[in-house]
Amino acid sequence: MDTLSHFVLSVLAGLAVGLHRKHRLEFIVFISFCSVLIDLDHFLVPLGYTTLYRSFHNVFIVFLIPFMLFLLACYLERNRSSDRFQTFFLLLTVMLVSHIIADMVAGPVQIFYPVSTMPVSLPKINIQATDQFLSPIVNSHGVGMAAYALVVFFGVFIHDIRYHQRHKNLNLSEALKHAISDWL
Ligand SMILES: [Zn+2]
C-alpha cells in the first residue's frame with residue numbers, strides 16, 4: 001500500500017480511537033506522520049541497504065516497542081494529570097499494527113525479522129456467490145479490512161479502559177465493564 005493511503009487511514013484510525021474522548025486533530029496528524037515513517041524501508045531497498053521491506057516492517061518495531069512504551073508511559077503518568085504520552089504510544093501502536101496489516105494485503109511481509117525471515121501474508125481467498133457475478137463476497141482485501149477494524153477497536157477499548165481508570169479511579173475489571181457499557 002502506498003504511503004499516502006497509510007497516512008489517510010492512520011488519521012481515520014486515530015479519529016476512531018479518540019471517538020469518545022476527543023483528541024486534537026494536529027495531535028492525531030502528528031502521530032499518523034510518525035507511523036508512516038516505517039515506510040523509510042522503501043528508500044532502504046533502492047539505496048541497497050536491504051533487499052526486502054523488513055527493517056521497520058516487523059512486529060518488534062510496529063508492536064512490541066511502542067506497546068512497551070505505552071505501558072511504561074501508563075506507569076510514569078499514573079499520578080499525573082496529563083496522559084499525553086500513553087495516548088501517543090497507544091495511537092502509534094494502533095496505527096503501526098494496522099499499517100503492517102494493510103501491507104500484508106498487498107503481499108508477504110517478513111514480520112518476524114530479524115528473528116526469522118519467514119514471509120507472512122493474509123490468506124488468499126476469493127468467495128463468489130455465483131460465476132455470473134464476479135465481484136466476490138469475501139476476498140483478501142475484505143479480510144485485511146476486517147483485521148484493520150479489529151485492531152482499531154482494540155485500541156478504542158484500551159483507550160476507554162485507561163480513561164475510566166484515570167478519571168473515575170476504577171480498578172481494571174470495573175473500568176473494563178464501563179468501557180463495554182459505553183458501547184452497548
Ligand atoms: Zn509500509
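Among the 28 residues of the largest nonpolar core, L91, V94 and I100 touch the most other members. At least two residues of this core come from each of α1 (3-17), α2, α4 (59-76), α5 and α6 (140-168). Helix α5 provides the largest share of the core, 12 residues. The model described here is predicted.

### Overall organisation

The chain contains seven helices and two strands. Read from the N terminus, its elements follow the order α-α-α-α-α-β-β-α-α. Along the principal axes, the C-alpha atoms fill a box of roughly 55 × 45 × 30 Å. Of the 184 residues in the chain, 30% are buried. Among contacts with a separation of 6 or more, 54% are between residues 24 or more positions apart.

### Helix pairs

Two packed helices are described by the angle between their axes and the distance between the axes.

| Helix pair | Axes come within | Crossing angle |
|---|---|---|
| α2 and α5 | 9 Å | roughly 45° |
| α1 and α6 | 9 Å | roughly 35° |
| α4 and α5 | 8 Å | roughly 165° |

The crossing angle of roughly 165° between α4 and α5 makes α4 roughly antiparallel to α5, because angles over 145 degrees count as such. The crossing of these two helices is left-handed. From α4, the residues V62, F63, P66, F67, L69, F70, A73 and C74 meet F85, Q86, F89, L90, L92, T93, L96, V97, H99 and I100 of α5. By class, this contact of α4 with α5 has 15 nonpolar residues, three polar and no charged.

Helix α2 (residues 25-35) and helix α5 (residues 84-106) cross at roughly 45°, and α2 is therefore oblique to α5. The crossing of α2 past α5 is right-handed. On the α2 side the contact is made by I28, I31, S32, C34 and S35, and on the α5 side by F88, L91, L92, M95, L96 and H99. The residues of this contact of α2 with α5 comprise eight nonpolar, three polar and no charged.

Helices α1 and α6 have axes that come within 9 Å, and their crossing is right-handed. A13, A16 and V17 of α1 form this contact with V152, G155, V156 and H159 of α6. The contact of α1 with α6 has five nonpolar, two polar and no charged residues.

### Two residues in detail

V94 is one of the residues that touch the most other members of the core. Leaving aside residues up to four places away in sequence, V94 touches A13, V17, V151, V152 and G155. Of these, A13 and V17 belong to the α1 side of the contact between α1 and α6, while V152 and G155 belong to the α6 side.

Q86 lies in helix α5 and is among the α5 residues that meet α4. Q86 counts as buried because it has 23 C-beta neighbours inside 10 Å, the threshold being 20 or more. With residues up to four places away in sequence not counted, Q86 touches F70, A73, C74, E77 and R162. F70, A73 and C74 are also among the α4 residues in the contact with α5. Q86 and L76 are 10 residues apart in sequence, and their C-alpha atoms are 9.1 Å apart in space.

Technical notes. Residues numbered from 1 in each chain as written. Predicted model: local features only at pLDDT ≥ 70, side-chain atom pairs only at ≥ 80, totals over all residues. Axes fitted to C-alpha atoms, helices over the stretch in contact; angles between N-to-C directions. Helix = DSSP H or I, 4+ residues; strand = E, 2+ residues; numbered from the N terminus. Parallel < 35°, antiparallel > 145°, perpendicular 65-115°, else oblique. Left-handed = near helix turned anticlockwise from the far one by under 90°. Contact = placed C-beta atoms within 7 Å. Nonpolar A, V, L, I, M, F, W, Y, C, P; charged D, E, K, R; others polar. Core = buried A, V, L, I, M, F, W, Y, C linked by C-beta atoms within 7 Å. Buried ≥ 20, exposed ≤ 12 C-beta atoms within 10 Å, placed from the backbone.
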